[in-house]
Amino acid sequence: MNWDIILSTTLKAAIGVETVWYALAAIGINIHFGYTGLLNFGQSAFLAVAGYGLAVTVTVIGLPFWIGIGVGLVAAVLLAFLLGIPTLRLRADYLAIVTIAAAEIVRLIFRSVEFKSVFGGSDGRRGFSQGFYEINPYAEGTYGFWPLSFNEREMWVLTVGWVLIAIACLIVFLLMKSPWGRVLKAIREDEDAVRSLGKNVFSYKMQSLILGGVLGCLGGFVYGLATGSVQPDIFGTETTFFAYTIVILGGAARVFGPVVGASIFWVLLVLVNGLLSGAVQSGVITFMDITQVGPFRFLLVGLGLILLLVYRPQGIFGDKRELAINAR
Amino acid sequence: MRRAVIAFTAFLGGLILLLTVPAHAAAPEQSLRGTLTFQGQPVNGVKIVVTTESGQPVQEVTSNAQGTWEVPIEEPGQYKVTLDAATLPQNMAIRGGNNQRAPTVYEGNPTTVLFALQAKAADGAATPDEGGGSAFWQRAAQLTFEGFNLGLIIALAALGLSLIYGTTGLTNFAHGELVTLGALLAYLVNVPFGLHIIPAAVIAVMLAGGIGYAQDRFFWGQLRRRGTGIIAAMIVSIGVALFMRYLFLILFGGETQAYAQYNAQAGLQLGPISATPKNLISMGIELIVLIAVGFALLRTRTGKAARAVADNPALAASSGINVDRIIRIIWTGGGAIAALAGVMLGLSQNLKFTMGQELLLLIFAGVTLGGLGTAFGALIGSIIVGLFIQVSTLWIPPELKNVGALAVLILVLLFRPQGILGRRERIG
């Protein structure tokens, strides 16, 4: 078994690109679910419209990179309105079904042959990240020290990504301390009580949906820029479910919960992958072959999600009293 | 509770041992196909050439004794299909004269290519195509039939989901995996053990009923006893769905498979509709099961008790109904008919570990349209969803048909959130 590679990939996973974009998606879900009690199962659609907004603007229309980012952000806000207007008056379980359906609609349209000339079908779009790497301040070379070393492109993506995470966390921290944030938490606890105090619950929920969607959609940009491509199936419902697992693992309604959760989630996934692949290759494990290692990790995710909710719904840092989990 | 989780894990571990399925070669899910007939008789031995849009050859086939031909397609996209007119029998010609078609192949769907044949005129000139309107209605009839077929499958799965929701408040995201479970259990008995598909389906349905019972006895029932909230339970069901889905992937593999029997059947022509005998028989079975379940709900003591629990669990309990027993029966029955839906889906399409997951949102659409928690609403809603999905392909490309159904789901929630048969209550 190659311990060097296992150690290096695991350490890299703690701050790697996957961790960054999942953390951003999870920060958005934390605002929806953790603070407001909205069960938004369509988070992947926010990432998708942002990533595709950027990709299509740059590759199909041929506009510069910054306009692409703007288009992506506007698309996320529009999606929040489209999603929110019909659904935010509904009960939690209806909201969950509608948002998951909306996310599927978005994904199916992006991968359709009908719109292949715009969205690129199931292959997606590539070749839109040049503008981003042109302003890369890192000179060519390898940065960091063993076992944590990245090339200049990874360094640039990670720097931007972690700065975005820091800004997002700061926004969440400041907002949730403010009177506005207290109204959100009050909606989570008892919507009717808030309404009876004269607050416009629908409007607050909509603001929460937009804010969480926009912060989450940054994850779509990070994914697109880091890999240089977007594909529809990356933004499937499972992405949303993994982000939920991350939020619950780290602790819902905690500022750093999603970030720590994402880090632990990916460290565990990469570590289990490394250990199992190594064990299979060296013949220690014989009941599995190498292609079954990948699915096995995600099987463990499902099991982990069940066990977390049964034994520790507040996750690592959460507070049991601050959970929307026993609401109607 | 710890016991419950251990038992559940052990039970799923047992499944691993059960399902050691060998992998077969993958078959592409999409294809180009057609049937050549002349004056009601199949035309044999006609050469069909399929190329890509740019002219790269894909495959050459000849029509068989039933007049049908099929070419599996790896990549969805635009293709060119050419009928070699020289291989046609002497007395026939292609109506309209054009022997080339340019169909679009969508992912996961067979695309039918039409070559209408007619008697060759003495001077060799082809008469122009007439009767485009009747072709539209023929397609509409065919799609209505297919939609009814799909709707019945959705209804089978939706019945269990809706009753479980009505009695326990659980929105079960793992219900699609129960559908897959049934299909794969039948495959396990059918292909590796070599039993014919009909007894295999019976065994699979019984096993799945037992698994449904065990799920409630050892898992969901224990969670209810702990007072797990409905949102927590919903997220737990997502965990269960992920767990089962990847378990299927590990054991079954990512390829598409088919049952050993009833793979390709010659179609019967019933008026404007062409259907395979297996389609008609499975629709018959589905209808019988649905009517039987409906009858049981309306007339038997257990059925009445089930409806009472769905209406108001506390009131049902106080009038002497054993609520836990009823819920267990519903889980058993719901698991069994979801498995039946899986087998039927496997017969009409192919088997894949994501087949139930792909159906789940359509099940939700059917259930929501009919009214969450109502048994008969789920039936009506599902059939409407099935019909809508298929008939809408008259106007929209087939790959987007589910988009239409999901959009309707959202519209229903916007204007009549309680569904067709749901009671008016506060759901906002």
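This is a predicted model: local features need pLDDT of at least 70, side-chain atom pairs count only at pLDDT 80 or more; totals for chains, interfaces and linings use all residues.

Tutor: Two packed helices are described by the angle between their axes and the distance between the axes. For helix H13 (residues 257-281) of chain A and helix H14 (residues 290-311) of chain A, the axes come within 9 Å and cross at roughly 145°. The crossing of H13(A) and H14(A) is right-handed. On the H13(A) side, the residues in contact are Leu269(A), Val272(A), Asn273(A), Leu276(A), Ser277(A), Val280(A) and Gln281(A). They meet Ile290(A), Val293(A), Phe296(A), Arg297(A) and Leu300(A) from H14(A).

Over in chain B, helix H6 (residues 277-299) has 23 residues. From first C-alpha to last, H6(B) reaches 32 Å, close to the 33 Å expected at 1.5 Å a residue. Its buried residues are Asn279(B), Ser282(B), Glu286(B), Val289(B), Leu290(B) and Val293(B).

Chain B also holds an open sheet of 3 strands, ordered S6-S1-S11, with mixed pairing. Strand S6 (68-73) and strand S11 (110-112) of chain B are the edges, each pairing on one side only. From one strand to the next, the twist averages 20°. Strand S1 (residues 30-35) of chain B runs antiparallel to S6(B), and 6 bridges join the two. In that pairing, Gly34(B) stands opposite Trp69(B) in S6(B).

Technical notes. Residues are numbered from 1 along each chain as its sequence is written. Chains are lettered from A and ligands numbered from 1 in the order in which they are written. Helices (H or I, at least four residues) and strands (E, at least two) are DSSP runs, numbered from the N terminus. The expected span of a helix is 1.5 Å times one less than its number of residues. A residue is buried if 20 or more other C-beta atoms lie within 10 Å of its own, exposed if 12 or fewer, and partly exposed in between; C-beta atoms are placed from the backbone. Axes are lines fitted to C-alpha atoms, for helices over the stretch in contact, and angles run from 0 to 180 degrees between N-to-C directions. A crossing is left-handed if the near helix is turned anticlockwise from the far one by less than a right angle, and right-handed if clockwise. Two residues are in contact if their C-beta atoms, placed from the backbone, lie within 7 Å. Two strands pair if DSSP finds at least two bridges between them.
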